[in-house]
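Subject: Structure for your review

Dear colleague,

Please find the structure below, handed over for your review. The findings follow directly after it.

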Amino acid sequence: HGSSGCGKSILMDRFLAPSILPPEGASEAWVRRVHLHEFLMEVHQRAHKLRQQMPELGDPVPYLAYELSCETQVLVLDEVAVTDIA
């Protein structure tokens, strides 16, 4: 929360850098920092791909959530903009 330049990204860097070390052999995406809109685009594309490849699954969201949780243990969403909280 706060205006541009107040240190939100620096705080995020401090959180991610020293404290979270992936275990040996873990993928690069074990700890992941991504902009919200980029992440939502990825989720949408992956859900669409699952629907196309396996229509018998029905709702792809539970399967996609499982895939994401296997790939990434710490997910940090950056650049979240909330303009109307009502």
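Predicted model: local features only at pLDDT ≥ 70, side-chain atom pairs only at ≥ 80, totals over all residues.

Two residues are said to be in contact, or to touch, when heavy atoms of theirs lie within 4.5 Å.

Overall architecture

The protein contains three helices and two strands. Their order along the sequence is α-β-α-α-β. Of the 86 residues in the protein, 21% are buried. The protein exposes about 6,800 Å², and 59% of that area is supplied by carbon and sulfur atoms. Among the contacts with a separation of 6 or more, 60% are accounted for by residues 24 or more positions apart.

Thr72 is found in the loop between helix H3 (61-71) and S2. Is Thr72 buried or exposed? Its relative accessibility is 11%, and the limit for a buried residue is under 20%, so Thr72 counts as buried. Leaving aside residues up to four places away in sequence, Thr72 touches Ala29, Trp30 and Arg32.

With a relative accessible area of 45%, Glu79 is partly exposed. When residues up to four places away in sequence are not counted, Glu79 touches Ser9, His35 and Leu36. A further relation concerns His37: 42 residues separate Glu79 and His37 along the chain, while their C-alpha atoms are separated by 8.2 Å.

Salt bridges

How many salt bridges does a search of the whole structure find? The search finds five. Three of these are described here.

Arg32 and Glu42 meet through their side chains in a salt bridge, with an N to O distance of 2.2 Å. Arg32 lies in strand S1 (residues 31-35) and Glu42 in helix H2 (residues 36-53), so this pair ties together parts that are 10 residues apart in sequence. Arg32 counts as buried, at 17% relative accessibility. Glu42 likewise counts as buried, at 18% relative accessibility. Arg32 has been mentioned above as a residue that Thr72 touches.

The side chains of Glu67 and Arg46 also meet in a salt bridge, at 3.1 Å from N to O. This pair links distant parts of the chain, with Glu67 in helix H3 and Arg46 in helix H2, 21 residues apart. Glu67 is partly exposed, its relative accessible area being 30%.

Arg46 forms a salt bridge with Glu71 as well, and the closest N and O atoms are 2.7 Å apart. Here too the pair links distant parts of the chain: Glu71 belongs to helix H3 and Arg46 to helix H2, 25 residues apart. At 31% relative accessibility, Glu71 counts as partly exposed.

Which residues are linked in a network of salt bridges? They are Arg32, Glu42, Arg46, Glu67 and Glu71.

In summary, the points to note are the α-β-α-α-β pattern, the buried Thr72, the partly exposed Glu79 and the network of salt bridges that links Arg32, Glu42, Arg46, Glu67 and Glu71.

With kind regards

How values were computed
Residues numbered from 1 in each chain as written. Heavy atoms only, no water. Helix = DSSP H or I, 4+ residues; strand = E, 2+ residues; numbered from the N terminus. Buried < 20%, exposed > 50% of the residue type's maximum accessible area, 1.4 Å probe, protein only. Areas by Shrake-Rupley, 256 points an atom, 1.4 Å probe, with all protein chains shown as cover. Salt bridge = Lys/Arg side-chain N within 4 Å of Asp/Glu carboxyl O.
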